[in-house]
Each structure stands twice: as C-alpha cells, then as structure tokens.
Amino acid sequence: TGRPCYWACPAEDRSLYRRQSKVWEGLHDTLSNGLLGLPEEVRPAQAHGGSEALLLSRRSGGNRQSGLPHPPVLVTKAELWVETLDAWTLTALYSACAES
C-alpha cells in the first residue's frame with residue numbers, strides 16, 4: 001500500500017500518525033535544518049490521509065493548485081542541492097523518490 005509514503009490522517013489512525021511523525025519529523029529536521037540550512041520555522045508541507053496526499057503530492061501542468069505548497073525557500077535550496085549531486089548520487093535520489 002501507499003501508507004508508508006503518506007501521512008496518516010490523525011483523526012482516522014492516531015497510532016500510525018504518531019509513529020510516522022516520530023520518524024518523518026526526524027528526517028525532515030535532518031534534511032531541512034542540517035542539509036539545507038533552513039531556519040527552524042521553515043517546514044515542508046504535509047498532506048494527511050491517503051486520498052488528500054495522493055491528490056496534493058502530484059504536480060500537474062494543467063492544474064496550478066496541484067502539488068504540495070512547500071515554502072519557496074525550501075524548493076530553491078533543494079533545487080540548488082540537487083544540482084550539486086554527481087550522477088551516481090542523483091540516480092540513487094531518483095530511485096528513492098520513484099519508489100515512494
């Protein structure tokens with residue numbers, strides 16, 4: 001299922017939401033603050049529940065409302081970081097993203 005990839009709705013499954021929060025918050029902190037050097041208050045956008053997450057996580061050229069509304073500074077810094085990757089690391093990143 002896609003459950004590991006999307007945040008559970010806290011109203012539907014509090015236990016899974018707590019477990020996901022514990023893991024994802026640590027990952028978000030490491031990437032946002034450690035790797036990208038973003039301030040503590042800049043956080044990635046989140047969609048909760050399978051149906052909302054699926055709709056929001058996929059960007060569509062014809063629909064400007066699609067895609068998660070991440071803070072612009074996060075997107076800019078992430079793009080700059082990706083541009084520094086060598087071919088092997090970029091391939092690994094692509095594989096990890098494609099599998100999620």
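Predicted model: local features only at pLDDT ≥ 70, side-chain atom pairs only at ≥ 80, totals over all residues.

Reader: Where does helix α1 lie, and how many residues has α1?

Author: Helix α1 comprises residues 14–35. It has 22 residues and reaches 30 Å from its first C-alpha to its last, close to the 32 Å expected at 1.5 Å a residue.

Reader: Where does α1 bend?

Author: A bend is read as an angle between axes fitted on either side of a residue. In α1 the bend is about 25° and falls at serine 21.

Reader: Is serine 32 buried or exposed?

Author: A residue is called buried when its relative accessible area is under 20%. Serine 32, which lies in helix α1, has 4% relative accessibility and therefore counts as buried. The buried residues of α1 are Leu16, Gln20, Ser21, His28 and Ser32. Their cover includes α3 (72–82).

Reader: With which residues is serine 32 in contact, leaving aside its neighbours within four places in sequence?

Author: Those residues are Gly37, Leu38, Val42, Pro44 and Leu74. Of these, glycine 37 follows α1 and has a positive phi, near 65°.

Reader: Which residues make the nonpolar surface patch?

Author: Leu27, Leu31 and Leu35 make this patch, of about 230 Å². A residue joins a patch only with over 30% relative accessible area. Leucine 35, in helix α1, has a relative accessible area of 41% and is thus partly exposed.

Conventions
Residues numbered from 1 in each chain as written. Heavy atoms only, no water. Patch = residues over 30% accessible without salt bridge, like charges linked within 9 Å, V, L, I, M, F, W, Y side chains within 5 Å. Areas by Shrake-Rupley, 256 points an atom, 1.4 Å probe, with all protein chains shown as cover. Salt bridge = Lys/Arg side-chain N within 4 Å of Asp/Glu carboxyl O. Helix = DSSP H or I, 4+ residues; strand = E, 2+ residues; numbered from the N terminus. Buried < 20%, exposed > 50% of the residue type's maximum accessible area, 1.4 Å probe, protein only. Contact = heavy atoms within 4.5 Å. Expected span 1.5 Å × (residues − 1). Bend = angle between axes of the 7 residues up to and from the residue.
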